[in-house]
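Notebook open. I want to see how this chain is laid out and what packs against what.

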Amino acid sequence: MEKFELSICLKKFYAVARKQEGREFKVSTLRAIRSGIDRYLKQSLQNKPWSIIGDPVFERVNKTLNAICKKVTREGKIGPVIHKHPITCEQLQKLYESGEITDCDSNNPRKLLQTA
């Protein structure tokens with residue numbers, strides 16, 4: 001697919017993208033989707049030398065995405081980002097003691113994955 005065709009498809013996609021239950025995505029999610037698509041296109045199989053974020057052909061697409069993000073935010077259709085409190089040292093120690101997480105020098109791949 002050429003850049004111009006892709007820009008048309010992306011513009012339509014951003015306008016209609018919804019969660020399975022029909023609600024709209026958060027602004028950060030829409031931008032993460034765009035970044036993911038950009039990374040995918042740069043991978044060795046596709047190996048596109050351009051970016052959907054910075055290439056002038058995609059300028060209107062990105063303006064559309066920004067307008068959608070502003071509209072969704074202004075209408076209050078999405079909630080704010082809720083940041084969780086970091087875990088305390090006591091909670092971290094409890095995780096180590098219970099075996100839920102392990103030191104990085106462990107030879108148990110499952111424990112390393114679980115800790116990550």
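Domain bounds here come from an automatic or database domain assignment. I'm working on a predicted model.

**Domains.** Domain 1 covers 3-75 and domain 2 covers 84-115. I then took the C-alpha centres of domain 1 and domain 2, and they sit 36 Å apart.

**Core.** Next I asked which residues touch the most other members of the largest nonpolar core. They are Leu-6, Leu-10, Tyr-14, Leu-30, Trp-50, Ile-52 and Phe-58, out of 16 residues in that core. I checked the helices too: α1 (3-16), α2 and α3 each put in at least two residues. The largest share is from α3, with five residues. For context, nonpolar side chains tend to be buried together in soluble globular proteins.

**Pro-49.** I found Pro-49 in the loop between α2 (27-42) and α3 (59-75). Is Pro-49 buried or exposed? I count Pro-49 as exposed because its relative accessible area is 79%, and exposed means over 50%. I also noted 27 Å between the C-alpha atoms of Pro-49 and Ile-68, which are 19 residues apart along the chain.

**Surface patch.** Last, I looked for nonpolar groups on the surface. Ile-87, Leu-92, Leu-95 and Tyr-96 form such a patch, with about 330 Å² of accessible area together. Ile-87 lies in the loop between α3 and α4 (89-98). At 52% relative accessibility, I put Ile-87 down as exposed.

Key:
Residues numbered from 1 in each chain as written. Predicted model: local features only at pLDDT ≥ 70, side-chain atom pairs only at ≥ 80, totals over all residues. Heavy atoms only, no water. Helix = DSSP H or I, 4+ residues; strand = E, 2+ residues; numbered from the N terminus. Buried < 20%, exposed > 50% of the residue type's maximum accessible area, 1.4 Å probe, protein only. Patch = residues over 30% accessible without salt bridge, like charges linked within 9 Å, V, L, I, M, F, W, Y side chains within 5 Å. Areas by Shrake-Rupley, 256 points an atom, 1.4 Å probe, with all protein chains shown as cover. Salt bridge = Lys/Arg side-chain N within 4 Å of Asp/Glu carboxyl O. Core = buried A, V, L, I, M, F, W, Y, C linked by side-chain atoms within 4.5 Å.
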